[in-house]
Amino acid sequence: MTLAALILVTIPVWTGTVVSVTDGDTLQVRVALWPQVTIETAIRLLGVDTPETFRPKCDAERVKGMEAKALIVKLAPAGSVVSLSDVKADKYGGRYDARIETAAGVDLATALLEAKLAVPYGVKMDWCAAP
């Protein structure tokens, strides 16, 4: 584990700036580790799974995935400040999992679940058969 990774997973809450939204459950975020030292990394929303946009199984899944991404862009557009908590190294490497909350106090994972654009992580959803 790199020093930056070690620091990122040991501090309880981080403040970051959204660089871009990759899809419904992944954002690029710039985080200041200490003065004049920042990292830009992919952060996957902890605890949820959204429909795929890159390799969807059907058009309905792609459409729902784009709706999920649009909601995240609306709530946390590029340049907005967010809080990261429960930061963990992702099982696939190269990114982190975290709870992300907007400056207005909106938890992004909860917003996706309430909009029915995500399911709890580990729950299998057939977005192609969903109404």
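Two strands count as paired here if DSSP finds at least two bridges between them, and the strands themselves are DSSP runs of E with at least two residues, while helices are runs of H or I with at least four, both numbered from the N terminus. What you're looking at is a predicted model, in which local features need pLDDT of at least 70 and side-chain atom pairs count only at pLDDT 80 or more, while totals for chains, interfaces and linings use all residues. Residues are numbered from 1 along each chain as its sequence is written, and side-chain values use heavy atoms, with hydrogens and water left out.

Let's begin with the sheet. Five strands close up into a barrel, in the order 1-2-3-6-5, with mixed pairing. On average, neighbouring strands of this sheet are turned by 55° against each other, direction ignored; axes are lines fitted to C-alpha atoms, for helices over the stretch in contact, and angles run from 0 to 180 degrees between N-to-C directions. Helix 2 (residues 59–75) packs on the sheet and touches strand 1, strand 2, strand 3 and strand 6, where contact means heavy atoms within 4.5 Å. The direction of helix 2 makes about 140° with that of strand 1.

Now for the pairings. Strand 3 (residues 37–45) and strand 6 (residues 95–102) run parallel, joined by four bridges, and Ile 43 has Tyr 96 in strand 6 as its bridge partner. Strand 1 (residues 13–23) pairs with strand 5 (residues 81–89) in the antiparallel sense over five bridges, with Thr 15 partnered by Ser 83. Strand 1 is also antiparallel to strand 2 (residues 26–34), this time over six bridges. Strands 1 and 2 make a hairpin with two residues between them, and Asp 23 sits opposite Thr 26.

A couple of residues show how things pack. Thr 102, in strand 6, is buried at 9% relative accessible area; buried means under 20%, exposed over 50%, and partly exposed in between, using a 1.4 Å probe and protein chains only. Setting aside neighbours within four places in sequence, Thr 102 contacts Leu 75, Ala 76, Val 81, Val 82 and Leu 108. Over in helix 2, Leu 71 touches Ala 111, Leu 112, Ala 115 and Leu 117, not counting residues up to four places away in sequence.

Gln 36, in the loop between strand 2 and strand 3, has a positive phi near 65° despite not being glycine; Gln 36 counts as exposed because its relative accessible area is 86%. Asp 86 in strand 5 also has a positive phi, near 50°, and is partly exposed at 37% relative accessibility.

Finally, the pockets. On a 1 Å grid over the protein atoms alone, a pocket is an open set of points where a 1.4 Å probe fits, with protein on both sides within 12 Å along at least five of seven lines, and lining residues have an atom within 4 Å of a point. The largest pocket holds about 500 Å³. Its lining has 24 residues, and the closest to its centre are Arg 44, Asp 49, Glu 52, Tyr 121 and Lys 124. The second largest pocket has a volume of about 170 Å³, and its lining includes Asp 23, Thr 26, Arg 44 and Asp 49.

Terms used: Grid points are joined across faces, edges and corners, and a volume is the space filled by probe spheres set on the points.
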